[in-house]
Amino acid sequence: GKRRESAPKSRIAYSISIAGCGDDGGATTVQGAAVPGHSVRLVSFENPSSGSRYSHAMIAFVHPSAAACSASDLRALGYDVRVKETPVNATEIRGEFLRRTIQVRGCCQEKELLKLYAYTLTDYPVAVHLDVDSILLRPLDDLFDAMIGGGDAAEAARRLAVHGGAALPENGPVNFFFTRDYNLVNKPGKPAGIQGGFMAVRPSVEVYEEYRGIVLQGDHYPGSGWGRKGHGGYYGAQQIQGLCAYYYDHVHPGTAVELDRCRYNQMVDDPRFGRGVKAEPSAGMAGGAFPCRDGRDECEDCRTTPLGKIRSAHFTICQKPWTCRYFGEKSAGDTHGRLCDELHGEWHRIRSDLEEMWRQDGRDTIRVGEVQDGDYRLDHFRGHCSRAGGRGYIPLKIPTTVGLP
């Protein structure tokens, strides 16, 4: 095999953002943060078997309202916890429509903008922001090589799985790698926002301040969205999904690259519109098929992508792994259950690996009978579920000793 380098090529920042405690007092947040954090370690230089040349740092941006319920556990999980107010005070937004709607719409209202702090991590060449219901399954070295440049960049760019097989820009660096959420598009031809669960950014305080200026200006309108360019009217349009799409589609075009969403940030989504969508079939469309949501004549069905080709996954359509849901054998019309089961299985495998690492490091605060006594589909959930449904989930117990290797 290829000889392992004695030192990493560079260190990558991985960040998450915690906007609130939720109905369960932050318990779900901590469960979510533990497993993606360990998944990052498993695909980084710190794990010799990963083959990665990049080491990692884990950073959590925590809103003050969430600090009491999450900060101590996040530190115990190895996160560098940074308690931060929202990047902008929503009451200071000059545009009336945005000022009013950003505080009531989307996943986390204006707190979703905590993700913008990834741009402030200028001690690192690249920052990857992940949602806490995400995992990494394979190293991202090609993405980092292409973004950082150097002798590996050209070959990495050729290997990188880019949406539609497009080439990377030749006239400048890539400052943003992302996927789009075509599930938010309700009719053909409407622009799609980015999917906020996975963003690889080139840190820049200047870019961060430019984003702040755009939000404070508040040039966002009903339906037509940011700058009247079409990024509006869908879920999250006032926040990261619409804001970042507008920034890289219109303010700084040609500096971002859309990745293949079947390989990166895989959500097991249906690539085509369903019945009832009115659209004229294009010349290249397969007979009888509904149109692709991304506007292409043909599109890969991410629901059928082999697990071995997926680099990162995001549990949205599949639901959260801690809901102990098993799809199993369904009707012929259920095309996502197989891959959802496989991805849930990977999440529980990573959790088990984390628990085993704690035991080996002498940081085991868990009685084995307390955490592994779930006998519901033991081969799949690895003792983490006593029955189907969220009430059957057996929570991960966080050691009090601070920090992961």
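Trainee: Where is Cys324 found, and what makes it count as buried?

Mentor: Cys324 is found in the loop between E11 and helix H8 (337-360), where helices (H or I, at least four residues) and strands (E, at least two) are DSSP runs numbered from the N terminus. Its relative accessibility is 0%, and because buried means under 20% relative accessible area, exposed over 50% and partly exposed in between (1.4 Å probe, protein chains only), Cys324 counts as buried. The backbone of Cys324 has a positive phi of about 55°, although this residue is not a glycine.

Mentor: Keep in mind that this is a predicted model, in which local features need pLDDT of at least 70 and side-chain atom pairs count only at pLDDT 80 or more, while totals for chains, interfaces and linings use all residues. Residues are numbered from 1 along each chain as its sequence is written, and side-chain values use heavy atoms, with hydrogens and water left out.

Trainee: Which phi does Arg228 have, and why is Arg228 called buried or exposed?

Mentor: Arg228 also has a positive phi of about 55° without being a glycine, and its place is in the loop between strand E9 (225-226) and H7. Its relative accessible area is 55%, so Arg228 is called exposed.

Trainee: How do you know which class of accessibility Glu5 belongs to?

Mentor: Glu5, in the segment before E1, has a relative accessible area of 41%, which lies between the two cut-offs, and is therefore called partly exposed. The C-alpha atoms of Glu5 and Pro48 are separated by 9.9 Å, although these residues are 43 apart along the chain.

Trainee: What makes the link of Cys21 and Cys69 a disulfide?

Mentor: Their sulfur atoms are 2.1 Å apart, and because a disulfide is taken to be a pair of cysteine sulfur atoms within 2.5 Å, the pair of Cys21 and Cys69 qualifies. Cys21 lies in the loop between strand E1 (10-18) and helix H1 (27-42), and Cys69 in helix H2 (residues 64-76), so the pair ties together parts that are 48 residues apart in sequence. The link of Cys21 and Cys69 is left-handed, with -100° about the S-S bond.

Trainee: What joins Cys292 to Cys299, and why is Cys299 called buried or exposed?

Mentor: A disulfide joins Cys292 to Cys299, with 2.1 Å from S to S, and this link is left-handed at -90°. Cys299 has 13% relative accessibility and therefore counts as buried, and Cys292, with 4%, is buried as well.

Trainee: How do you know the way in which H6 and H7 are oriented to each other?

Mentor: The axes of helix H6 (residues 205-217) and helix H7 (residues 240-251) come within 11 Å and cross at roughly 105°. Axes here are lines fitted to C-alpha atoms, for helices over the stretch in contact, with angles running from 0 to 180 degrees between N-to-C directions. Angles under 35 degrees count as roughly parallel, over 145 as roughly antiparallel, 65 to 115 as roughly perpendicular and the rest as oblique, and therefore H6 and H7 are roughly perpendicular to each other. Among the residues that meet are Val207 and Ile214 in H6 and Leu243 and Cys244 in H7, and Cys244, at 1% relative accessibility, counts as buried.

Trainee: What makes His220 buried or exposed, and what joins the side chains of His220 and Trp226?

Mentor: His220, in strand E8 (residues 220-221), has 2% relative accessibility and so counts as buried. A polar contact of 3.3 Å joins the side chains of His220 and Trp226; the term covers a pair of N or O atoms within 3.5 Å, where within protein one must be able to donate a hydrogen and the other to accept it, and residues adjacent in sequence count only if both atoms are side-chain atoms. Leaving aside neighbours within four places in sequence, the residues in contact (heavy atoms within 4.5 Å) with His220 include Phe97, Leu98, His231 and Gln238.
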